[in-house]
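Please read the numbered points with the sequence and the model at hand.

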Amino acid sequence: MHQLFSQVLGQRDLSRAGDLFSLEDTEIEDCLSQALDQIKAISCSPDYLTNDNDQAVVEICITRITTAIRETSSIELHSVALVGLWESCLEHNLTPQGENTEDTPHAKIASDITSCILQNYSCPSVMVLAVPVAVRFLQRGNRELSRNMSSYLSLAAIAKADLLAEHTEAITLSVLGGNHMLLRVLPSVYPRQPETIHRHLGNLTAMMSQLESPEQQHLIRLIQMVAEQHPLMLSPQVPALVGYLGDQSLTEALLGALVDVSQASPSSLVSFLPTLRVVGQQCPALLGHVAKIHGAVGIISEVQTTPHSLVYLVSLLGSMEHSFHHTLLLEIRALTDRYPSVLGGCGKDIYRMSNSFTAMARLLGGRLEESMATRCRLGESWSDAFEEKMGVETGEEEVEEVEEDSPASLRCYSLSQAVREEKRDMRFNRSKSLALHAVRSRSINSDTGEDGDGVELSPDNISSNKTLPNRHSENQEAPPTDRKPTEKQEQGEADRLFIHLRDNMETIREFCKDMVQQIPTPEQCVIEDSNRGCVAKLSFSCPLKGHYCLYAKSCFNLSSRQPHLWIHIMLLQLQSKSSVPLCSRDECVQRLASLWEKTQLKGAHSFPMAMTQHVTPHRKDLDSLQIQLEDVRFFDLFGYSEEEGGWLCFMCNNPEKATVVNQEGQPLIEGKLKEKQVRWKFIKRWKTRYFTLAGNQLLFRRGKSKDELDDIPIELSKVQSVKVVAKKRRDRGLPRAFEIFTDNKTYVLKAQDEKHAEEWLQCINVAVAQARERENREATTYL
C-alpha cells in the first residue's frame, strides 16, 4: 500500500488526508483494494459511530479511491474489495434516528460507493457481485439509498435483465412498499418471471392513482405486456382498469389492454359496456377500441349479447368518419358470420349491394328490425329501442317525417322507407360526403354557407405577440351577447364548443367559483418552442397596484410545460364571466384556439374537440399546477383576497406590513442559518452564521453572533431566484434547505426547521420583489 495511504489510514491522520488528492491515479492504482479492506476494518470498529475524526478520514479516502477507480477504469480489478466494503454497511444501522434527518456514517459510505459500482451496469463481472447486495439495500428503510439503487437497477435491467430476474419478488415488494421508481424495472423482468408478478398484479394495479405520470407509464407498460402475453391474468383487474379510464392520459393505453382482455375473457367486460360507450363518446378517436370490445362481447351469446352489440356498432357505422368504417365493418361481419340468423341470412347481400356506409347502416338496421320482430315477441320492445337509437345517430328527421304522415301501425317500416330514399341518391352522396368531410375539417361553419376564411384560426389573425388578456374587453364580450337567435340556430351542430359550453354553463360556473381561489388565472400567455416541447410563458400581476405594490410596474413570470391545461382553465374562466355561452367565432376564443394550435403536433385533437372532452380538468391535473406554483414560490408573493375577488400581491394583501418592509435599516427577519462551505473539491460542510434581512440587502456575519464583523452582503436586486433544494436532494437531510442564486454565486442555506425555512423563504422573496419594483420605479422616474 502506498506510504501516504498507510499513514492516513494507519494513524487516522486527518491533517494529511487532503494530500491524497495530490497523488497521481496511477501511483495508487495497485493498492486500492488494500486501502478498501483497511477502511472496512475502521468502519466496523466499535467506536466508529462516535469518532468524528475517523469518519472524516474514511470519507476523504473513499472519495479519493472511487475517483482513482473511475479515472483508471480499474473497477473489475477492485470490485471484490469495493463490494465487500459496500456489503459490510448492511450490518449497521442505515436509517436516521429521532429528529436527526442526516444520514448515518455507514449510510454515507454506502451512498458514496453506490455510484462507483452501479455506474458499471454494463460490466457483467461487476454486476454479478453487486446486484444481490444492491437488492438487499432496498429493504433497509433508507429512502435516499433506495432511490439511488432504483435508478441504477433500472439501467441494469436494460443491459442485464437476467441478473435481476431472480430478485423479482424483492423488487416487487419494494415497489409496493413505496419505492415507485423501481416500476421501470418490472417490464424488463416480467418475461422471465411472469408468475411472480402475477401474484402481486392486483396490488400493483391498485397503485395507479397514487403514482406520478412517469411512474404510471411504466405500470401501464407492464399491464400492456400482461395483456399481450397472459390476458386472462388481467380479467380480475377489469373493474379497476375501467375505473382509471377517466384519466385522459391513461385512456388510450388502458383501452388497448382491455381489447386484448376481451379477446380472451369477453364475459369480464359485459357489465362495463355502458361505461365504455361513454368513454367512446367523450373520446371519439378511441371508438375503434370500444368497437372491438363490443365485437368480442357480442360473440358470447346470440340472444343476450349479439343484438345489443350490433345495435351499437351499426349506429356508429352510419354516423362516424370514414377512418372508423373498416374496423366497424370487420366487427359487424364477424358477428353476422358467426350468427347469420340475426340478419335472416341476408348479410352478404347487404354488404354487396351497398356502396354507401350510411345506406349500409340503414339496410342493416332495417334487417335487424325485421329479423328480431319475426323471431320472438320480445322483438317489438327491442325494435323500438333500436329505432330510437338509430333515429338519434343516422336518420332522426326522416323517421319523424314518416311518423307524422303514417299511422302508428306503419312505424316499424320507417327505416325501410329511408333505405328506398337512400338508394336513389347513394351514388351522388358517396362523392358528396367526401367533399363535405374535407370542407368541414377546414371550417366549423361550412353548413351555414359562410366563407371559411373568416373563422380560420391562423396565427396571422391573432395579435402579433401571441398573447391573451385575462379579462374580456367590451368588444370581446359583445359577440356572444349581441348574437342574433337565428345565428345561433344556424351554427347548430357546426359549433361543437358552443353546444358544450351551453349545456355545462352552471357546472363551469361552480367549478370556477372554487378553482379561482386555488389557482390564479394568467394575465398573459405566450407559447414558445423549446428542445423539450412547447412551453407556456405565463404572466401574473396584481390588479390593485397599491402604493407599495410588488408588481405595479412588472409581472411575476412562470414557464409551464402544461400549456394545454392552462388554456383550458383560461377558457373556463372566460366562460364563467360571461352570461351567455361562448362560441368559436368569439375573438377571445379564437385567440385561445390560436395558442392551442401552436402547441399541437400534426394530427392531434383540434381546439373544439379537446375542450369538449371533459367539462373541467381532473383534480390530479389541478394539483400538479398547485405544486408547480409552490415550487416557484408563487404563494409567497400572492394571496387570494375574498374582499377583492382576486389574487393580490403580498403588500396589497397585507398593507400593515408595508411600513416594516420599506423602512430603511429595520430588519424584516434575522437569525441563525447554516451555510454550506466547500473545503475541498469533494468535501462540503455546514457552517452556522448570523443573517439579517433589511432594506435591499441580506447581511451575514462571519460567526454565530450578530456582533461579529460583516462579510460582503448580498444585494437583493442582484438575486436571480430563490428556490428550495431540488426535489431529488430534498429527502436526504435537506427538507429545510434553500438556495439563493445571484449573477456570480449560489448560496445554499439551511434553517433550524421547515417552519423557519418557509418564513425565511417568504421574507426573502418579498424583499427581492420589492427591490426589483423599486428599481423599476426609479428607472421609470428617470426616463
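This is a predicted model: local features need pLDDT of at least 70, side-chain atom pairs count only at pLDDT 80 or more; totals for chains, interfaces and linings use all residues.

1. In which helix is His78 found? His78 belongs to helix H6.

2. Is His78 buried or exposed? Its relative accessibility is 1%, and because buried means under 20%, His78 counts as buried. Apart from neighbours within four places in sequence, His78 is in contact with Glu29, Asp30, Leu32, Ser33, Leu36 and Ile69. Among these contacts, Leu32, Ser33 and Leu36 are buried residues of helix H4.

3. Helix H4 covers residues 32-43. Its buried residues are Leu32, Ser33, Ala35, Leu36, Ile39, Ile42 and Ser43. An α-helix has 3.6 residues a turn, so residues three or four places apart point the same way. The buried residues of H4 pack against helix H1 (3-10), helix H3 (25-28), helix H5 (52-72), helix H6 (75-88) and helix H7 (105-118).

4. The length of H4 can be checked. With 12 residues and 1.5 Å a residue, H4 should span 16 Å; the C-alpha atoms at its ends are 16 Å apart, so the two values agree.

5. Helix H19, residues 287-298, passes the corresponding check: its 12 residues, at 1.5 Å a residue, should span 16 Å, and its end C-alpha atoms are 16 Å apart, which agrees.

6. How many of the 12 residues of H19 are buried? The number is 10, and H19 is thus described as mostly covered. The buried residues are Leu287, Gly288, Val290, Ala291, Ile293, His294, Gly295, Ala296, Val297 and Gly298. Their cover includes helix H17 (248-264), helix H18 (273-282), helix H20 (306-317) and helix H21 (325-338).

7. The next points concern a sheet. Three strands form an open sheet in the order S1-S2-S3, and their pairing is antiparallel. Strand S1 (524-530) and strand S3 (556-560) are the edge strands, each pairing on one side only. On average, neighbouring strands of this sheet are turned by 25° against each other, direction ignored.

8. Between S1 and S2 the antiparallel pairing extends over 7 bridges. Glu528 has Val535, in S2, as its bridge partner. Helix H30 (residues 563-576) lies across S1, S2 and S3 and runs at about 45° to S2.

9. Which strand holds Ser539? Ser539 lies in strand S2, which comprises residues 533-540. Its relative accessibility is 11%, and since the buried class lies under 20%, Ser539 counts as buried.

10. The side chain of Ser539 is joined to that of Asn557 by a polar contact of 3.1 Å. With neighbours within four places in sequence set aside, Ser539 is in contact with Pro522, Glu523, Gln524, Cys555, Phe556 and Asn557.

11. Finally, the protein as a whole. It has 38 helices and 12 strands. Of its 783 residues, 49% count as buried. The protein exposes about 38,300 Å², of which carbon and sulfur atoms supply 48%. Among contacts with a separation of 6 or more, residues 24 or more positions apart account for 65%.

Conventions. Residues are numbered from 1 along each chain as its sequence is written. Side-chain values use heavy atoms; hydrogens and water are left out. Helices (H or I, at least four residues) and strands (E, at least two) are DSSP runs, numbered from the N terminus. The expected span of a helix is 1.5 Å times one less than its number of residues. Buried means under 20% relative accessible area, exposed over 50%, partly exposed in between (1.4 Å probe, protein chains only). Contact means heavy atoms within 4.5 Å. A polar contact is a pair of N or O atoms within 3.5 Å; within protein, one must be able to donate a hydrogen and the other to accept it, and residues adjacent in sequence count only if both atoms are side-chain atoms. Accessible areas come from the Shrake-Rupley method with a 1.4 Å probe; for residues, only the protein chains shown count as cover. Two strands pair if DSSP finds at least two bridges between them. Axes are lines fitted to C-alpha atoms, for helices over the stretch in contact, and angles run from 0 to 180 degrees between N-to-C directions.
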